[in-house]
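Me: Hi, I've just opened this model and would like to talk it through. Could you keep it plain and give me the cut-offs as we go?

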Amino acid sequence: MRTITKAVLAATAFAAIPAAASAQSVATADLETAVANSAAMKNATQQIRTQFATQITAFQTRETAIQNELRPLATELQTLQNTPNTPPATFQAKAQAFQTRREAGTRELQTLSQPFARPTSYAQEQVLAKIEPAVRAAMTAKNVSVLVKPDAVLAFGPTGDITADVTAQLDKQVTSVSITPPAGWQPGQQQAAAAPAAATPAAPAAATPAPAAAGRRPTGR
């Protein structure tokens, strides 16, 4: 149930790092992992799994069924794509049918996930509200001047990753969170209030069950 978007993380933490910091010490941090590993988020996740066990099971069962339904369709598309004499119209019709079924499955799973996705997002936002001071405190404790995302560097040593340090600081900043959103609450409200100048983050998306669609048929056939 880790549904934190990159836009949310960018708006909460990295915007707060001084742009003119001297590169005396550079480190990386996976803030999504730091939030997920925080005690508050772990406790909230366990509560959600217990409280919404029936809905989660129904979601997982339907997700598996949709995956099993889409898998042979995707295989058929790949076979058609790799067959030289497949008429383009045939391939396009099959591709459109697959896309339509996959989108319908995604919408169905989004509806099924709503009961537990909303409290998950609410719990995450409460932890994210403390990510900026947690990042700053972790950077100070480790004498880090510049913090970058792990996917922004080619390689780094174990001592260059302060993800666990950010988690430790989060545990100091927020000890528990609620999994009951107030009436009218929508995902992204806390980030919008904390960083009005930043772009509004997208609402967390439900898991997409389908296998990757086959690539488009090469033109010129």
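Me: How does helix 6 pass helix 7, left-handed or right-handed?
Reply: Helix 6 makes a right-handed crossing with helix 7. A crossing is left-handed if the near helix is turned anticlockwise from the far one by less than a right angle, and right-handed if clockwise. Helices (H or I, at least four residues) and strands (E, at least two) are DSSP runs, numbered from the N terminus.

Me: Anything to know about the model before we go on?
Reply: This is a predicted model, where local features need pLDDT of at least 70 and side-chain atom pairs count only at pLDDT 80 or more, while totals for chains, interfaces and linings use all residues. Residues are numbered from 1 along each chain as its sequence is written, and side-chain values use heavy atoms, with hydrogens and water left out.

Me: Thanks! Back to that pair: at what angle do helix 6 and helix 7 pack?
Reply: The angle between helix 6 (residues 131–141) and helix 7 (residues 163–173) is about 125°, and their axes are 8 Å apart. Axes are lines fitted to C-alpha atoms, for helices over the stretch in contact, and angles run from 0 to 180 degrees between N-to-C directions. Helix 6 and helix 7 are therefore oblique to each other. For the labels, under 35 degrees is roughly parallel, over 145 roughly antiparallel, 65 to 115 roughly perpendicular and the rest oblique.

Me: Which residues of helix 6 and helix 7 meet?
Reply: From helix 6, Ile131, Pro133, Ala134, Val135, Ala137 and Ala138 meet Asp165, Val166, Gln169, Leu170 and Gln173 of helix 7. Contact means heavy atoms within 4.5 Å. The residues of this contact of helix 6 with helix 7 divide into eight nonpolar, two polar and one charged. Ala, Val, Leu, Ile, Met, Phe, Trp, Tyr, Cys and Pro count as nonpolar, Asp, Glu, Lys and Arg as charged, and the others, Gly among them, as polar.

Me: Where does Asn143 sit?
Reply: Asn143 is in the loop between helix 6 and strand 2 (146–148). Asn143 has a positive phi of about 55° although it is not a glycine. With a relative accessible area of 53%, Asn143 is exposed.

Me: Changing topic, how do helix 3 and helix 5 pack?
Reply: Helix 3 (residues 39–51) and helix 5 (residues 88–128) pack at about 165°, with axes 10 Å apart. That makes helix 3 roughly antiparallel to helix 5. Their crossing is right-handed.

Me: What about helix 4 and helix 5?
Reply: The axes of helix 4 (residues 53–82) and helix 5 come within 10 Å and cross at roughly 170°. Helix 4 and helix 5 are therefore roughly antiparallel to each other. The residues of their contact divide into 15 nonpolar, four polar and eight charged.

Me: Last one: how many helices and strands does the protein chain have?
Reply: The protein chain has eight helices and two strands, running α-β-α-α-α-α-α-β-α-α from the N terminus on. Of its 221 residues, 36% are buried.

Conventions:
Buried means under 20% relative accessible area, exposed over 50%, partly exposed in between (1.4 Å probe, protein chains only).
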